[in-house]
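Dear colleague,

I am handing over the structure that we spoke about, and below it you will find my notes on what was found. Please read them with the model open beside you.

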Amino acid sequence: MHYAPAPLHIPDGFLNFIVSLICWAITVAVLSMAISRTNKSLGEKQVPLMGIMAAFIFAAQMINFPVAGGTSGHLLGGALAAIVLGPWAAMLVMTAVIAVQALLFQDGGLLVMGANILNMGLLTSAIGYGLYRGVLGNSRSVKLTVAGVSAWLSVMAGALGTALQLWLSGTSSLQTVVLAMLGVHAVIGIGEALITVAALSFIFQTRPDLLDEKSISAKSGRGWVVVGVVISLAVVLLSPFASANPDGLERVATDMGFINAGQSAPFQIISDYNIPFLGATPLSTILAGVTGVLVVLGLVIVAGKSLQQKSQIENRQS
Amino acid sequence: MHSDLFDRYHHGHSRLHHLDPRVKVIVTLAFILSNALLPDGAWIAFALAWLFVIFATLMSGLGIGFTFKRSFIAFPFALAAITVLFSIPGQPVTSFRFLMWDLTITDAGLLRFVSIVIRSWLSVQMAILLVAATEFPKIIHALTHLRVPIIITVIISFLYRYLFVLTDEVMRMLRARQARSGAAPGVRSGGSVAWRARIAGHMAGQLFLRSYERSDRVYNAMLARGYKGELMTIHPHRYQKSDLVIGGLSILVLFMMQIAGRF
Amino acid sequence: MMDNHTHNSVVNVSDLHFSYPDGHAALHGVSLKLCAGDKVALVGPNGAGKSTLMLHLNGILDGDGGIEIGGMRLTRDNLPVIRAMVGLVFQNPDDQLFSPTVFEDVAFGPLHMGLPEEEVIARVDSALEAVRMSTYRDRLSHHLSVGEKKRIAIATVLSMNPKILILDEPSAGLDPRARRTLINLLRELPITMLVSTHDMRLVEELFPRTVVMDDGRIVRDGPTQDILEDERFLNEHGLEKP
């Protein structure tokens with residue numbers, strides 16, 4: 001049986017050092033929180049449970065189904081893992097899966113693993129759990145629908161993350177890579193959504209206790225709804241912007257010094273063209289990035305809060 | 001017959017096989033980092049790096065072409081970098097028309113593209129060698145020694161241990177699905193995509209439940225042997241002085257590559 | 001006679017009752033005594049409560065009644081000590097062997113008892129020696145055959161130096177050669193044993209005493225020879241003469 005590398009696993013060499021480092025920093029920070037939080041939610045059983053769940057995700061990724069013309073869809077699993085295990089545990093589980101895929105099968109690089117974990121483990125778990133958590137009080141069909149949507153969005157988020165990292169590293173041009181990644185994964189994401197929903201409905205029928213409200217809300221707080229919504233909105237807003245209006249983003253990034261922040265050729269073959277570096281020190285770059293994230297966060301928290309209130313009202317009514 | 005598919009380890013008794021796993025992991029990571037830091041077009045440094053790979057391969061006793069043969073795994077991903085040929089400003093090398101676009105490959109773009117591919121190609125070979133010459137449990141131990149949090153390495157251990165058990169179950173399910181996927185003559189078989197996805201989803205759900213219940217039994221087995229919730233691991237690895245020498249020399253060589261790459 | 005028994009009593013179960021959370025009553029007043037050196041077979045149809053009883057002996061299940069191991073009363077506080085004394089080997093070796101390598105699996109018990117590293121290594125070596133598998137020390141668990149896994153599984157509890165070895169269906173799934181190797185091993189091990197099995201020839205060959213369970217109760221506890229001759233009794237409880 002052939003093990004085929006999937007399009008989201010970035011190999012070494014395709015991301016530049018700074019982008020890799022930033023992704024590692026984010027991943028390490030989030031995973032540290034995950035490690036301390038999982039202790040509390042899953043109890044003593046967590047270790048064998050997470051371990052075998054990691055093997056499950058790995059094995060489940062082998063369950064494929066033909067989509068069209070020789071391609072097949074298969075499961076990424078982050079959203080499903082997050083709904084069943086809770087967000088923090090799911091992140092650790094996906095980290096293990098990604099690590100083994102990289103180490104054993106060179107599916108994904110070692111130095112760029114921070115980015116791969118961010119794309120396929122962290123973003124997917126956050127969206128999968130966050131959105132699902134927001135509709136806990138509702139009927140099973142609502143929950144399954146939201147689970148499906150969140151599964152699709154999680155794949156898109158991973159694709160967008162990958163595309164942005166490739167662009168920021170100077171490996172790909174923004175418009176092309178965003179369109180390609182999002183285009184391909186819009187289809188793959190449908191498979192993810194279908195399988196996630198089908199798997200969840202199977203579990204609902206056979207072991208509903210694993211998915212009941214008490215066990216899910218015990219895993220983590222409602223703050224996750226905000227996180228899930230924020231990331232989803234970021235994906236939804238950024239994607240068309242990046243694919244339709246790449247020049248705007250590109251100019252910003254050039255000004256910030258991101259693009260071409262890598263290496264210059266040891267010998268001059270670029271004769272006439274000059275690439276303007278406007279005040280690009282690493283510190284100002286990072287500050288600009290953080291500011292941007294905060295602005296988006298602020299704008300979207302408002303949206304998130306209103307969604308939360310809506311479901312709270314519905315809870316009281318039902 | 002199934003487990004060989006996932007076992008990338010090739011047994012041997014070479015110096016590389018016996019090298020302390022911590023040294024091997026560190027040198028592999030340092031090599032990949034070094035590649036990432038080399039500037040575009042650093043041909044001498046790239047050549048040195050390739051010699052490094054060849055030397056390490058020879059030291060493994062697995063045959064000089066071992067990593068070369070397996071190194072093309074990441075090539076499909078090179079497509080992601082194709083656009084760089086056209087997008088970096090510089091002297092044009094060649095122009096052509098593709099569908100509705102006029103594309104020009106520039107020298108800077110070509111330089112960048114080739115460099116990306118070479119870096120990736122070199123790094124993946126070192127990673128292949130690492131797992132070929134080191135048993136995976138030893139790699140896990142090395143990670144623990146190198147301060148990767150125990151909970152992550154323990155999850156990886158379980159993953160590795162039960163990977164084969166679960167993929168066996170998946171293969172059985174897939175075979176059963178195949179056995180039931182007959183076709184009546186004259187009728188288009190296969191069902192809709194949604195139906196197929198539902199079946200796949202049910203398989204995933206069933207696998208999930210079996211895994212969940214297995215984890216309960218494993219938990220009981222751990223309890224029966226004294227597990228109290230605290231993770232303890234034991235990795236008696238003693239490195240030899242020559243291991244440190246080899247590691248130190250390798251890092252030195254990588255430094256020289258960096259210098260060579262910038263002048 | 002009674003005094004002797006109390007002094008080297010290894011297992012002493014008094015009037016044990018247990019019902020599963022879903023309401024299914026599994027044990028209806030089970031009493032059982034084992035002394036040091038006893039080799040006892042536990043037989044009965046599926047659902048008789050054999051596994052349920054065994055899971056009580058190391059505190060995984062918590063029923064109503066008295067359980068003493070090695071003279072020590074089983075309570076929540078002394079569970080770790082009890083578990084070191086009771087070497088429980090589950091039926092499916094893939095559940096029992098959960099570490100990547102044989103060494104790590106056999107080391108798990110003594111390691112979690114808090115023993116120092118050198119002691120742990122020594123115990124691993126002697127446990128593997130006892131099951132005649134010292135050469136398997138560095139093997140990967142998933143590479144082993146079922147028979148090999150079953151013997152390593154025994155080693156994983158022997159390394160804790162338990163007072164009693166409790167095995168659940170040890171010969172299930174073994175081909176004749178592996179089964180013979182296992183039988184020889186069990187015959188040689190100088191340790192108190194309680195073995196649950198459907199393999200009546202195994203019972204006849206290795207165990208002088210048999211406990212028969214049915215429907216959550218012990219229906220007979222006595223010399224194997226007598227029980228195996230009572231065909232009507234055997235049939236009544238879903239058993240067959242070997």
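Gly221(A) is partly exposed, with a relative accessible area of 37%, and you will find this residue in the loop of chain A that runs between α8 (213-219) and α9 (223-244). Please keep in mind from the start that this is a predicted model. If you set aside the neighbours of Gly221(A) within four places in sequence, the residues that Gly221(A) is in contact with are Tyr129(A) and Arg133(A). Arg133(A) lies 88 residues away from Gly221(A) along the chain, and yet the C-alpha atoms of the two are separated by 8.4 Å.

Is Gln61(A) buried or exposed? Its relative accessible area is 13%, and since buried means under 20%, Gln61(A) counts as buried. The side chain of Gln61(A) also has a partner, for it makes a polar contact with the side chain of Gln101(A) at 2.7 Å.

Next comes the interface of chain B and chain A. On the side of chain B there are 87 residues in contact, and they meet 75 residues of chain A. The two chains bury about 7300 Å² between them, and 78% of that area is on carbon and sulfur atoms. Within chain B, the residues that lose the most area to chain A are Phe77(B), Ile155(B) and Phe208(B), which together make up 10% of what that side buries.

How many salt bridges are there between chain B and chain A? The count is one, and this salt bridge joins the side chains of Arg207(A) and Glu213(B), with 3.5 Å from N to O. Across this interface there are also three residue pairs in polar contact, counting pairs with both residues at pLDDT 80 or more. The elements of chain B that give two or more residues to the side touching chain A are α2 (21-37), α5 (84-87), α6 (107-133), α7 (136-145), α8 (150-179) and α9 (193-224). Of these, α9(B) gives the most, with 25 residues. Sorted by class, the residues on this side of chain B divide into 59 nonpolar, 16 polar and twelve charged.

Chain B also touches chain C, and here the contact takes 31 residues from chain B and 35 residues from chain C. The area buried between chain B and chain C is about 2900 Å², and carbon and sulfur atoms give 61% of it. Arg161(B), Arg225(B) and Ile234(B) supply 32% of the area that chain B buries against chain C, which is more than any other three residues supply.

Between chain B and chain C the count of salt bridges is five, and one of the salt bridges links Glu117(C) with Arg238(B), whose closest N and O atoms are 3.4 Å apart. There are ten residue pairs in polar contact between these two chains, again with both residues at pLDDT 80 or more. As for the elements involved, α7, α8 and α9 of chain B each supply at least two residues of the side that touches chain C, and the largest share, eight residues, comes from α9(B). By class, this side of chain B has 15 nonpolar, seven polar and nine charged residues.

Finally, here is chain C taken by itself. Chain C contains eleven helices and ten strands. Its radius of gyration is 18 Å, close to the 18 Å that the globule rule gives for 242 residues, so chain C is as compact as a globular protein of that length. The C-alpha atoms of chain C fill a box of roughly 50 × 45 × 40 Å along the principal axes, and buried residues make up 58% of the 242 residues. Among the contacts in chain C with a separation of 6 or more, 62% come from residues 24 or more positions apart.

One residue to look up in chain C is Ser14(C), which belongs to strand β1 (residues 9-19) and is partly exposed, with a relative accessible area of 35%. Beyond its neighbours within four places in sequence, Ser14(C) is in contact with Val30(C), Ser31(C), Gly65(C) and Gly66(C). Ser31(C) is 17 residues from Ser14(C) in sequence, while their C-alpha atoms are 4.5 Å apart in space.

With best wishes

Technical notes: Residues numbered from 1 in each chain as written. Chains lettered and ligands numbered in written order. Predicted model: local features only at pLDDT ≥ 70, side-chain atom pairs only at ≥ 80, totals over all residues. Heavy atoms only, no water. Contact = heavy atoms within 4.5 Å. Buried area = accessible area lost by both parts, 1.4 Å probe. Salt bridge = Lys/Arg side-chain N within 4 Å of Asp/Glu carboxyl O. Polar contact = N/O pair within 3.5 Å; in protein donor to acceptor, adjacent residues only side chain to side chain. Helix = DSSP H or I, 4+ residues; strand = E, 2+ residues; numbered from the N terminus. Nonpolar A, V, L, I, M, F, W, Y, C, P; charged D, E, K, R; others polar. Rg over C-alpha atoms; globule rule 2.2 N^0.38 Å. Buried < 20%, exposed > 50% of the residue type's maximum accessible area, 1.4 Å probe, protein only.
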